[in-house]
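Biologist: I would like a close look at one part of this model. Please start from the whole and then zoom in.

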Amino acid sequence: MHAPRHPEPDWRQLPPEEHVAVAVDALRMLADPTRLRLLWLLCGAEYDVTTLATAVGTARPAVSQHLAKLRRTGLVTLRRDGRRALYRATSTHVRHLLAEALHTAHHHAAGLPDHD
């Protein structure tokens with residue numbers, strides 16, 4: 001399934017500074033392997049910290065810190081269910097961003113040509 005097409009941007013015009021700052025923050029969050037893996041899982045379902053820590057093989061406190069960073073940049077939301085904190089990716093935009101990044105990585109690693 002392909003992401004819905006958005007209007008092609010005008011690549012000759014620089015985007016607004018505030019958009020660049022938000023994009024840089026989001027990409028910085030994806031530059032960490034643990035955060036990328038966490039976000040991948042959170043694109044598919046809600047998880048608590050313990051489940052995420054087990055899934056990515058990282059200590060709970062470290063996962064909590066990564067999730068706090070992802071929340072601050074707006075990539076992840078938190079929902080309380082009693083005493084449990086459940087995390088999830090914020091939107092389909094996050095899913096598309098992550099899917100596109102990993103699709104590009106797959107093509108690069110496999111030596112496949114890029115197709116637009």
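Which residues are buried in helix 3, and which elements do its buried residues pack against?

Modeller: First, the ground rules. This is a predicted model, in which local features need pLDDT of at least 70 and side-chain atom pairs count only at pLDDT 80 or more, while totals for chains, interfaces and linings use all residues. Residues are numbered from 1 along each chain as its sequence is written, and side-chain values use heavy atoms, with hydrogens and water left out.

The protein has 5 helices and 2 strands. Both are DSSP runs, numbered from the N terminus: helices are H or I with at least four residues, strands are E with at least two. Their order from the N terminus is α-α-α-α-β-β-α. The C-alpha atoms fill a box of roughly 50 × 35 × 25 Å along the principal axes. Of the 116 residues, 24% are buried. Buried means under 20% relative accessible area, exposed means over 50%, and partly exposed lies in between (1.4 Å probe, protein chains only).

The accessible surface comes to about 8,600 Å², and carbon and sulfur atoms hold 56% of that surface. These areas come from the Shrake-Rupley method with a 1.4 Å probe; for residues, only the protein chains shown count as cover. Contact means heavy atoms within 4.5 Å. Among contacts with a separation of 6 or more, 51% join residues 24 or more positions apart.

The UniProt record, an unreviewed entry, puts "domain: HTH arsR-type" at residues 15–109. UniProt positions follow the numbering used here, feature names are shortened, and annotations may be inferred rather than shown by experiment. That stretch is 66% helix and 13% strand. Its end C-alpha atoms are 30 Å apart.

Now helix 3 itself. It covers residues 49–56. Val-49, Leu-52, Ala-53 and Val-56 are the buried ones. They span an arc of only 100 degrees around the axis, so they sit on the same side of helix 3. The arc is that of the directions from the helix axis to the C-beta atoms. The background is simple: an α-helix has 3.6 residues a turn, so residues three or four places apart point the same way. Thr-54 and Ala-55 are exposed on the other side of helix 3.

What does the buried side meet? The partners are helix 2 (33–42), helix 4 (60–72) and strand 2 (84–89). Take helix 2 first. Thr-34 lies in helix 2. Its relative accessible area is 18%, so Thr-34 counts as buried. Leaving out residues up to four places away in sequence, Thr-34 touches Val-56, Thr-58 and His-66. Val-56 is one of the buried residues of helix 3.

Next, helix 4. Arg-72 belongs to helix 4. With a relative accessible area of 65%, Arg-72 is exposed. Arg-72 and Pro-61 are 11 residues apart along the chain, and 17 Å separates their C-alpha atoms.

Two further helices complete the surroundings. Leu-102 is in helix 5 (residues 92–110). Leu-102 has 30% relative accessibility and therefore counts as partly exposed. Beyond its neighbours within four places in sequence, Leu-102 contacts Leu-36 and Trp-40. Helix 1 (residues 17–30) holds Val-20. Val-20 is partly exposed, at 30% relative accessibility. Val-20 and Val-76 are 56 residues apart in sequence, with 19 Å from C-alpha to C-alpha. Glu-18 is also found in helix 1. At 52% relative accessibility, Glu-18 is exposed. The C-alpha atoms of Glu-18 and Pro-61 are 31 Å apart, across 43 residues of chain.

Back to the picture you asked for.
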